[in-house]
Structure formats: C-alpha cells, structure tokens
Amino acid sequence: MYLTSEGRCDDLQYEGSQTISNSSRTPSAVAFQDGRELKINIDASSLVVGGTYQVCVDTDGFRDSNAFGNTGVNMYVARPMSIANTRPLAGTLSRQANQMVTLDCAFGCSANSTIYLALTCDFQSFDGAKAAIPAQNTASAPLALHPGSTSYWDAILDVSGLTPGTHYIVCLDMDGTQLDLGSGNSGISVYVTPFTSLGQIAVPP
C-alpha cells in the first residue's frame with residue numbers, strides 16, 4: 001500500500017513495490033496482522049501537511065497477478081493537534097452562535113486557515129468557504145492567533161444549526177481560500193451539549 005496525490009495509482013506495477021518518496025507519494029509498505037486488525041506503517045514524512053492523498057493497494061503484494069489500484073479511500077495529512085485548554089470544557093460547545101474553538105496547532109495553521117464542524121469532512125472542498133448545512137456542518141470560519149500565544153488558534157463558529165448531543169469533527173483547510181489544499185479531518189472532535197449551564201449545583205450526599 002502507498003499514498004498518492006497524483007490522481008491515479010500505478011496500475012502497471014504488479015510487484016507490490018513502490019519506492020518513490022516525494023511530496024506527492026509515499027513508498028509502499030506491507031500490511032501486518034495485529035490481533036484481529038490489519039495494520040500498516042506508512043512513512044508520510046515527505047507529504048504536504050494539509051494535503052489529501054488517495055490510498056493505493058496491491059492486494060496480492062509481491063506476487064505479480066494484481067497491480068496497484070485506487071481503493072477510493074482518502075487520507076488527510078496533519079501534524080498532531082488538539083483542543084487547547086483555554087477554558088473549562090474546551091471541547092464542549094453550546095448550540096448557539098459565536099462559539100469559540102481554540103486549536104493547539106503548532107505547525108501548519110495560519111491566519112489563512114479555516115475550519116468548520118461536520119459529521120464528515122468534505123475533502124473536495126478547496127476554497128475554505130464551506131456553507132452551513134443544518135445538522136450536518138457549520139459554515140467555515142477563519143483562524144486567528146490566540147492572544148499571547150504562538151501555537152493556539154481561535155475560530156468563532158455558529159453552532160446553532162447543529163444537533164445537540166452529537167460529536168462533530170473539526171475539519172481544517174490549511175490554506176483557506178487558496179486552492180492548493182482541501183479540507184480534511186484534523187483528528188479532533190467537539191461535543192455539542194444538549195444542556196444549558198446553570199452554574200454550580202449542590203447535590204446532597
């Protein structure tokens with residue numbers, strides 16, 4: 001298996017080996033069994049952060065019966081990031097407008113970047129201007145550097161159209177309105193709470 005952004009897999013390569021490593025593809029790697037799961041370790045160090053890549057698989061590996069083919073699965077390349085702990089319950093949002101999400105994103109995020117919340121990220125969205133769809137996703141919002149920080153980034157989102165009690169993915173477009181990179185799954189989710197805070201409540205023992 002290997003990852004590529006070239007638009008097609010190497011369907012003339014039958015030996016299960018692909019050694020090229022650059023910003024548009026990884027070397028191939030062999031899957032291994034881990035309990036009930038099939039896993040694979042890919043060297044993605046040469047890929048573009050914020051890029052979307054297709055998964056190419058040769059199902060018979062080093063045998064020469066099958067060539068690499070496009071699985072239809074897409075993967076988004078992102079450095080590790082998280083919700084920044086700038087407030088209590090930082091990963092929980094109310095179903096209201098003007099909800100702030102703060103990312104701890106030390107590499108790749110910038111004032112050009114945009115995010116939105118969604119059940120599924122739209123990897124075909126390249127313009128950083130996703131429109132809101134009720135219950136499905138918020139509209140895109142730009143990132144702004146959090147005051148006093150060099151790695152925290154804030155976005156103000158209108159969460160009023162989302163479904164309470166649901167986890168939504170933080171979808172990130174690293175270059176925003178520029179068209180080189182699409183949006184993808186940051187690996188982070190937030191929870192839209194169905195409750196309104198009443199402050200601290202006393203509970204008898």
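Predicted model: local features only at pLDDT ≥ 70, side-chain atom pairs only at ≥ 80, totals over all residues.

Q: How many helices and strands does the chain have?
A: Helices (H or I, at least four residues) and strands (E, at least two) are DSSP runs, numbered from the N terminus. By that rule the chain has zero helices and 14 strands. Its C-alpha atoms fill a box of roughly 70 × 45 × 30 Å along the principal axes.

Q: What share of the residues is buried?
A: Buried means under 20% relative accessible area, exposed over 50%, and partly exposed in between (1.4 Å probe, protein chains only). Of the 205 residues in the chain, 38% are buried. The accessible surface, from the Shrake-Rupley method with a 1.4 Å probe, comes to about 11,500 Å². Carbon and sulfur atoms hold 53% of that surface.

Q: What share of the contacts joins residues 24 or more positions apart?
A: Contact means heavy atoms within 4.5 Å. Among the contacts with a separation of 6 or more, 63% are between residues 24 or more positions apart.

Q: In what order do the strands of the open sheet lie?
A: Strands of a sheet pair through backbone hydrogen bonds, either parallel or antiparallel. Here two strands count as paired if DSSP finds at least two bridges between them. Five strands form an open sheet in the order E7-E14-E13-E9-E10, with mixed pairing. Its edge strands, each pairing on one side only, are E7 (92-94) and E10 (141-142).

Q: Why is E9 described as largely enclosed?
A: Five of the five residues of E9 are buried, so the strand is largely enclosed by the rest of the structure. The cover extends to both faces: Thr114, Tyr116 and Ala118 are buried on one side, and Ile115 and Leu117 on the other. E13 is mostly covered, with six of its eight residues buried.

Q: Which residues have the most contacts inside the largest nonpolar core?
A: In soluble globular proteins, nonpolar side chains tend to be buried together. A nonpolar core is a set of buried Ala, Val, Leu, Ile, Met, Phe, Trp, Tyr and Cys residues joined through side-chain atoms within 4.5 Å. The largest such core here has 27 residues, and those with the most contacts inside it are Leu103, Ile115, Leu117, Leu172 and Met174. Strands E8 (99-104), E9 (114-118), E12 (152-157), E13 (166-173) and E14 (184-193) each supply at least two residues of this core.

Q: What does methionine 174 contact beyond its sequence neighbours?
A: Leaving aside residues within four places in sequence, methionine 174 is in contact with several residues, including Val49, Gly50, Tyr76, Met81, Phe107 and Leu181.

Q: Where does glycine 50 lie, and is it buried or exposed?
A: Glycine 50 belongs to the loop between E3 (37-39) and E4 (52-57), and it counts as buried because its relative accessibility is 0%. Its C-alpha atom is 6.8 Å from that of aspartate 173, a residue 123 residues apart along the chain. Beyond four places in sequence, glycine 50 is in contact with Tyr76, Val77, Met174, Leu181 and Gly182.

Q: Where is threonine 26, and which residues does it touch?
A: Threonine 26 lies in the loop between E1 (2-4) and E2 (32-34). Its relative accessible area is 0%, so threonine 26 is buried. Not counting residues up to four places away in sequence, threonine 26 touches Tyr2, Leu3, Gln18, Ile20, Ile42, Asp43, Ala44 and Leu47.

Note on methods. Residues numbered from 1 in each chain as written. Heavy atoms only, no water.
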